[in-house]
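Please look through the sequence and the model below with the following explanation at hand. It moves from whole chains to single residues and their partners.

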Amino acid sequence: MVIYGVALLAGCMLVGLIIGDVLGQLLGINANLGGVGIAMLLLIFVTGYLKTHDHLPESTESGINFWNAMYIPIVVAMAASQNVAAAFSGGMVAILAGALALVLGLALVPVLTGKRVDEARPLDAQPMQVHGRSR
Amino acid sequence: MNDSIMTLLDKYHLIAAFAVIGLTMFVSHWMSKHLTANRLHGSAIAILIGLALAYFGGIYTGGSHGLADVSLFTGLGLMGGGMLRDLAIIATAYGVRFSEIKKAGMRGLIALFAGVLVSFFAGAVVAVGFGYTSAVDITTIAAGAVTYIVGPVTGATLGASSEVVALSIAAGLVKSILTMIVTPMVARMIGLDNPRSAMIFGGLIGTTSGVAAGLAATDARLVPYGAMTATFYTGLGILLAPTLLFLAVRLFF
């Protein structure tokens, strides 16, 4: 049932948030420490376990996939309810921070790729199947 | 007549928000296809429209919740609020198999950590350069330079002000949009023509729509490789930014 997927998601979220809350209290910070990230890891492991044991039918999956697919629209709604007018006074901060992050990241690509070896040869040699989802 | 429609939309505010956001997505994907030849990702345009609407909403009402302060659009506050936002973010982890980390390889993993750290560092340097001195503000802006999801999640977790959260979203958005535009232009220069460098690129840049659109504009066959590592990026950022990286920032501020 679809609700099983939604409930699984909700359960992971609640457990993650509780752990994050406890972590925050343990470290003496008045904040939830990585609760969302912990919930994501929980979801990965729990659904991974259920899948390998064949306990994750398609209808259950669709309960999770719906919220997965709603992520961009929800982010759009979030953007529409932010205090942009006030943030505009510091516009250069956003532009410079974003640009600098991108430039540093791009500069590191050849550094981490290293020397050209077999796995790192151009794709033109052999055509590859494309099977990915883009968001 | 007009009044009763307004009352109705106000009463069913979340439903109205679904319709408004759906329309926004439609318009932005149409614009992406017909005005930018798919160069600018539809979702990035939608977020830009959202921020623009929030800007005008803020000017119009003088409130702090952007368009959600306009009585017709209060549902946007619930739809884009912390509860549903976090639920959707967690849902995106579904489909990411832990074994895929192995497939991405050691270099992909190093790229992931390096990417989060470097972006965070860039954001933090700029934030400090512009005179921010509170650890919460610096961390939130730096997290925004990681991705526009990590920024607001970090900000919400640490209790940052709405202004700083909006700034961090804007920083992430700048990075995402620049990635889409710049990637095909620099691809040859950084050797982005094979699966390995695509995985490393995805790990280093991380912003999912930016990476997916940037790679698609370069060579569509590279998209799954880049997207594979990029899927982990936001999660890693959310795990690291409000915790270890925040504590690191607190050592200095």
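Chain A exposes about 7,100 Å², and carbon and sulfur atoms supply 67% of that area, where accessible areas come from the Shrake-Rupley method with a 1.4 Å probe and, for residues, only the protein chains shown count as cover. Residues are numbered from 1 along each chain as its sequence is written, chains are lettered from A and ligands numbered from 1 in the order in which they are written, and side-chain values use heavy atoms, with hydrogens and water left out.

The predictor's confidence in each residue is given as pLDDT, on a scale from 0 to 100. Chain A averages a pLDDT of 78, and 71% of its residues score at least 70. Over residues 125–135 of chain A, however, pLDDT stays under 50, although the model has 26 contacts for this stretch beyond four places in sequence, a contact being heavy atoms within 4.5 Å. Where pLDDT is low, the predicted coordinates should not be read in detail.

The secondary structure of chain A comes to 6 helices and 0 strands, helices (H or I, at least four residues) and strands (E, at least two) being DSSP runs numbered from the N terminus. Of the 135 residues of chain A, 45% count as buried, a word that stands for under 20% relative accessible area, with exposed meaning over 50% and partly exposed the range in between (1.4 Å probe, protein chains only). Among the contacts of chain A with a separation of 6 or more, 54% are between residues 24 or more positions apart.

Chain B contains 12 helices and 0 strands, and 58% of its 253 residues count as buried. Residues 24 or more positions apart account for 68% of the chain B contacts with a separation of 6 or more. In an unreviewed entry, UniProt places the feature "transmembrane region" at several stretches of chain B, including residues 12–31 and 108–132; its positions are given in the numbering used here, feature names are shortened, and annotations may be inferred rather than shown by experiment. In the model, residues 12–31 of chain B are 95% helix and 0% strand, with their end C-alpha atoms 29 Å apart. Residues 108–132 of chain B are 88% helix and 0% strand, and the end C-alpha atoms of this span lie 33 Å apart.

Which residues does B:Ser119 touch, not counting those up to four places away in sequence? B:Ser119 is found in helix α6 (residues 98–129) of chain B, and because its relative accessibility is 0%, B:Ser119 counts as buried. Its contacts are A:Ala101 from chain A, together with B:Ala142, B:Ala145, B:Val146, B:Lys175, B:Leu204 and B:Tyr233.

Charged pairs come next. In one of them, A:Glu61 pairs with A:Lys51, the closest N and O atoms being 3.4 Å apart. This pair links distant parts of the chain, with A:Glu61 in helix α3 (residues 58–69) and A:Lys51 in helix α2 (residues 35–52) of chain A, 10 residues apart. A:Glu61 counts as buried because its relative accessibility is 16%, whereas A:Lys51, at 35%, counts as partly exposed. B:Arg85 forms a salt bridge with B:Asp86, with 3.2 Å between the closest N and O atoms, and both B:Arg85 and B:Asp86 are buried.

The structure also holds 2 aromatic pairs over all chains. The rings of A:Phe66 and A:Trp67 have their centres 5.2 Å apart and their planes at 80 degrees, so this pair is edge-to-face; rings of Phe, Tyr and Trp (its six-membered ring) pair if their centres lie within 6.5 Å, and planes under 30 degrees apart count as stacked, over 60 as edge-to-face and the rest as tilted. A:Phe66 is partly exposed at 45% relative accessibility, while A:Trp67 is buried at 16%. B:Tyr55 and B:Phe56 form an edge-to-face pair, with 5.3 Å centre to centre and 70 degrees between the planes. B:Tyr55 is partly exposed, with a relative accessible area of 25%, whereas B:Phe56 is exposed, with 55%.

Key. Salt bridge = Lys/Arg side-chain N within 4 Å of Asp/Glu carboxyl O.
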